[in-house]
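Thanks for coming. I will go through some ring contacts and some helix packing, and you can follow along on the screen.

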Amino acid sequence: MATETPTAPPAPTPQTHDVIVRVRDLKKHFPIMKGVFRRQVGTVRAVDGVTFDVRRGETLGLVGESGSGKSTTGRVILQLEQATEGVVQFEDIDLTVTTGNKLRSLRPRMQMIFQDPHASLNPRMTVASIIGEPLTEHNKAKGEDRKKRIEELLSLVGLEPKHANRYPHEFSGGQRQRIGIARAIALNPDFIVADEPIAALDVSIQAQVVNLLEDLQDVLGLTYLFISHDLSMVRHIADRVAVMYLGKIMELANVDRLYNDPKHPYTQALLSAVPVPDPVVEASRERVILEGDIPSPANPPPGCPFNTRCPVAKERCVTEVPEWRELEPGRWVACHFAELDSTLTVTPI
């Protein structure tokens, strides 16, 4: 008989770092409605109990396949979607129960960079209006001060201030993303969720945008939750990495420890699929080939969510949900057999 899902334990509290965001057993379930009377016939478990901390000044990478719940997690943290269950603490304030003017007063400190710079910018507004809108909405600057702030922000993201009166369609994809970044930092936020900010860009532009984000982090003291499916880029920018699958986090660790010695079979499979820029090494690499597709979040498998594709799954994995536990200091994993030797030799990427 399948056992009940265990309650996720508290994530580790860093001793030498302040924690700016605490996420505890966060869930976001979307109802499935059918029929003339729109009755609920099921639930999509987009986020199904995730627990982690984001430390002030760091970049926490959140990676996984498409449909694993990464973007929904970011949106729920910022309260762009209401949580079904769980706690999201921004400093000492639980955002899941904060509403109205109190939540609005926190908005300037929490911002988002969206994936598609074309869709996230109003084509009928000039760049000055787009970047200046947060300043107007929160009464941060008016008149000449607002104009100077817009010019300062454009310079900060590598754009010409004289182009402030142009429209988004007059810019390239990379430039439009820079406009989105300028809008996100306009109110001097502390925490930014970057939702796959380079996924819609040309490869030649991606590194420029990532370098810009790193430079802004150093200058402005920003904290990022960087959502991506590009593991190579995440290794470049992140301090720690959380690996997500089917609404749950499988593993979380320091970036070097996770990439050099992954403990969860899913993490091992993801890393084995990342190409290495050395044809000799690439030809001899061992790979973990996952069979089948990611299950539907509307009908997740019992036990470990990864058991239907896991190359080392055993009977226990089908009947018992693995505990989210600290395998060693700073490394958290949800796997019954994480202490066993890795199923492959990892080649650094």
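The charged end of K314 lies over the ring of F337, 5.8 Å from the ring centre. A charge counts as sitting over a ring if NZ of Lys or CZ of Arg is within 6 Å of the ring centre and within 35 degrees of the ring normal. K28 does this too, over the face of F30, at 4.9 Å from the ring centre.

Two notes on the source. This is a predicted model, in which local features need pLDDT of at least 70 and side-chain atom pairs count only at pLDDT 80 or more, while totals for chains, interfaces and linings use all residues. Residues are numbered from 1 along each chain as its sequence is written, and side-chain values use heavy atoms, with hydrogens and water left out.

Now rings with rings. How many aromatic pairs are there in the whole structure? The search finds four. Rings of Phe, Tyr and Trp (its six-membered ring) pair if their centres lie within 6.5 Å; planes under 30 degrees apart are stacked, over 60 edge-to-face, and the rest tilted. The rings of W324 and W332 have centres 5.9 Å apart and planes at 35°, so this pair is tilted. Both W324 and W332 are buried; buried means under 20% relative accessible area, exposed over 50%, and partly exposed in between, with a 1.4 Å probe and protein chains only. Y245, Y266 and F306 form one aromatic cluster.

Y266 also belongs to the buried residues of helix α9. Helices (H or I, at least four residues) and strands (E, at least two) are DSSP runs, numbered from the N terminus. Eight of the eight residues of α9, 265–272, are buried, so this helix is largely enclosed by the rest of the structure. Its buried residues pack against α7 (231–237), β9 (240–245), β10 (248–254) and α8 (255–260), where contact means heavy atoms within 4.5 Å.

Is F37 buried or exposed? F37 is exposed, with a relative accessible area of 69%, and is found in the loop between β1 (19–34) and β2 (39–55).

Last, a helix pair. Helices α5 (residues 173–185) and α6 (residues 203–220) pack at about 20°, with axes 10 Å apart. Axes are lines fitted to C-alpha atoms, for helices over the stretch in contact, and angles run from 0 to 180 degrees between N-to-C directions. On the α5 side, the contact residues include G174, Q177, R178 and I181; on the α6 side, among them are I205, Q208, V209 and L212.
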